[in-house]
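Here is a short tour of a structure for you to follow along with. Please have your viewer ready, and we will take it one region at a time.

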Amino acid sequence: MMQEILVAKNLKKTFRLSAKQRQIEKTSLYERIAVSDLSFTANEGEIFGLLGPNGAGKTTTLRMLATLIAPDSGDAFVDGASIVSDPEGVRSKVGFLTSELRLEDYFTPNYLFDFFSSLHNVEPQKMEQRKKMLFEKFGVDKFAEVKVANLSTGMKQKLSIIISVVHDPKIIIFDEPTNGLDVLTAKVVTDFLLELKAQGKTIILSTHIFSLVEKVCDTVGVIINGKMVACDTVKELTKEKNLEDKFFDLYVQEEGASYE
Amino acid sequence: MNKTFIIAKKELYRFFTDRRLLFSTVLLPGLMVYIIYTFMGSAFSSMFGQGAEAPRVLSVNTPASITAIAAEPQYGFGIIDIDSEEDGKNEIINKTADILMVFPADFDEAVAAYENASGGLAPDVAVYYEGSDTAATAVYSSIIGMLEEYEGRIANKFDVNRDNAEADLSGGGGNVGAQMMSSLLPLLLIIFLFTACMSVVPDSFAGEKERGTIATLLITPVKRSGLVMGKIIALGIIALCSGISSFVGTFLSLPNLMNVGGEEASLELTAYSVEDYLFLLLIIISTLLMLVSLLSIVSAYAKTVKEATTLATPLMIVIMLVGVTAMFGGGGAQTDFWYYLIPAYNSVQSMVGIFGGEFNLVNTIIAVCSNVVYTGLFLVIITKMYNSERIIFAR
């Protein structure tokens, strides 16, 4: 029996609408619901995918899990730590990667690795060991003393991945991990995901790419308009038809006939 | 290792390894201040100083009494007697002479005969000069001063300080310098401190927000308060370096600046005791911390560095106005303790006290403590702001 490591319970998040936006949408509501009553459970050692179209609330959900933003109501427990009452505890167990997390241009990969390791209380010996291993794996070792500003886009992305796992977290949250990467770099990333899984790590990722879900995920939650419309193992969901067709069925069911 | 310290170390590393930033923030302010003040000083002294030629003072119908008073050492004008008023005016217009005085033909007699109570018109002296010529304008003022003094002498009803006794009882040397410093330096210092903070704070708070690097820090297990504190400590140190640079520039250039009219405005730095300097340093540090945390609030609220700088401008104006109050207010520091609870004003008043030689231990300590309290209060506010996603992720 698999151990539950991440439990999200009734997560809700709304954003305020500006006056102009209300006019455009012809609505009298002051808030837009980004995530509504979202619950799911991820088991230890699996890759859990959040699948959904743009604007469905995937990133908002992940940002709540990573304690970057707080839910309006509901809670989630990451390896026992509550995102509401113990955000620092959650942060020490979680590695979070999203394109909105930038690294300061002025510093070198070497410095940044040390800096973030010390913020995560990593022992110096373990830090050196992990730095060598990760830098070699992603080919950052040759650019260890080049300022981030002068790194290529792909190299920056790889460095961001490395920085997100400096503390060897049990749970890794990836927001659109392969977005904007070329096929080679994307492969390095998906291989890394599988490798982390092999090490017994739990991975939560968001994507709108069906093939990525089918390739790496064990369980998938489909989010449409902030609601979890289906959550099951990939095997179970794709029993009758492939994931793409299944997704369209769910979408029609949720949103009505058209998906334009 | 304490995480606040790690954050502070990173900010300091960022700053002190960047030669360009170091130059523009620490070296440049001091250098600029030194160059500008030295230049201003030499411009002043060449305008009024001994280097300039002796003024050419023309006079028509020169009375003996005026020739005598003009020759007195404090004036030292050699008056050239001419016959034609027209020629004199032409000389003034052509700038070959500075001043033309035209006296009535029998000035001395007319003055002696004139009765104040008669109600008739007194003898009139006309003085001409070329207003666009700064040197001539200065001479004009002294000539008017001289004439007025002469008028006072002949109509002497009472004297003030006749024996030129030490009327200023505050005692001690370096008083001219102390007075100038007590009114000018607090203004300069508070402006330097503020601009020093302005050059580093917006980038660290609004800049990190603008570049999106702050979120990377926010997902590490660092308390928001620790993060804010680390930044403020580092920024305080950096701003202090910048402030000290401006301060040193000012001190080195003040003798040049105040060396007006050839007479050294006795700027005796030794007039201040170690205690004065120590409390000045305490005031500077506590003021810096207060200003850094105040500006941090503004910068944390702003979406971009540019917005932060714009928002800080009204603050800058307030700070300058507060600095200007040091130049008025009767030449001394406020004595009531509650003045020392007002941020910025307390620092300025403490500095007025220290520079003016009226150092008040209790008030200075109140000022330092209240600055520390304000810093703590501002820290709480910024931490609250850092906990607000609407502020921290505002785009």
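## Ground rules

Helices (H or I, at least four residues) and strands (E, at least two) are DSSP runs here, numbered from the N terminus. This is a predicted model, in which local features need pLDDT of at least 70 and side-chain atom pairs count only at pLDDT 80 or more, while totals for chains, interfaces and linings use all residues. Residues are numbered from 1 along each chain as its sequence is written, chains are lettered from A and ligands numbered from 1 in the order in which they are written, and side-chain values use heavy atoms, with hydrogens and water left out.

B:Pro186 is placed in helix H7 (residues 175–211) of chain B. Its relative accessibility is 0%, so B:Pro186 counts as buried (buried means under 20% relative accessible area, exposed over 50%, and partly exposed in between, with a 1.4 Å probe and protein chains only). In sequence, B:Pro186 and B:Val324 are 138 residues apart, yet their C-alpha atoms are 8.5 Å apart in space.

Another spot to look at is B:Ser350, in helix H12 (residues 345–355) of chain B. With a relative accessible area of 2%, B:Ser350 is buried. A polar atom of its side chain lies 2.8 Å from the backbone oxygen of B:Asn346. Leaving aside residues up to four places away in sequence, B:Ser350 touches B:Ile283, B:Tyr340, B:Thr364 and B:Ala367 (contact means heavy atoms within 4.5 Å).

Among the contacts in chain B with a separation of 6 or more, 76% come from residues 24 or more positions apart.

## Where the chains meet

At the interface, 26 residues of chain A are in contact with 26 residues of chain B. The area buried between the two chains is about 2,600 Å², with carbon and sulfur atoms giving 62% of that; buried area is the accessible area (1.4 Å probe) that two parts lose on being put together, summed over both.

How many salt bridges are there between chain A and chain B? The count is two, a salt bridge being a side-chain nitrogen of Lys or Arg within 4 Å of a carboxyl oxygen of Asp or Glu. One of them joins the side chains of A:Glu104 and B:Lys10, at 2.7 Å from N to O. On the chain A side, strand S1 (4–16), helix H3 (87–93) and helix H4 (109–119) each supply at least two of the residues that touch chain B. The largest share, five residues, comes from H4(A).

## An enclosed helix in chain A

Helix H2 (residues 58–65) of chain A has seven of its eight residues buried, so this helix is largely enclosed by the rest of the structure. The buried ones are A:Lys58, A:Thr60, A:Thr61, A:Leu62, A:Arg63, A:Met64 and A:Leu65. After H2(A) comes A:Thr67, which has a positive phi, near 65°.

## Cysteines

Over all chains, the count of disulfides is zero, with a disulfide taken as a pair of cysteine sulfur atoms within 2.5 Å. A:Cys217 is buried, at a relative accessible area of 8%, whereas A:Cys231 is partly exposed, at 36%.

Terms used
A polar contact is a pair of N or O atoms within 3.5 Å; within protein, one must be able to donate a hydrogen and the other to accept it, and residues adjacent in sequence count only if both atoms are side-chain atoms.
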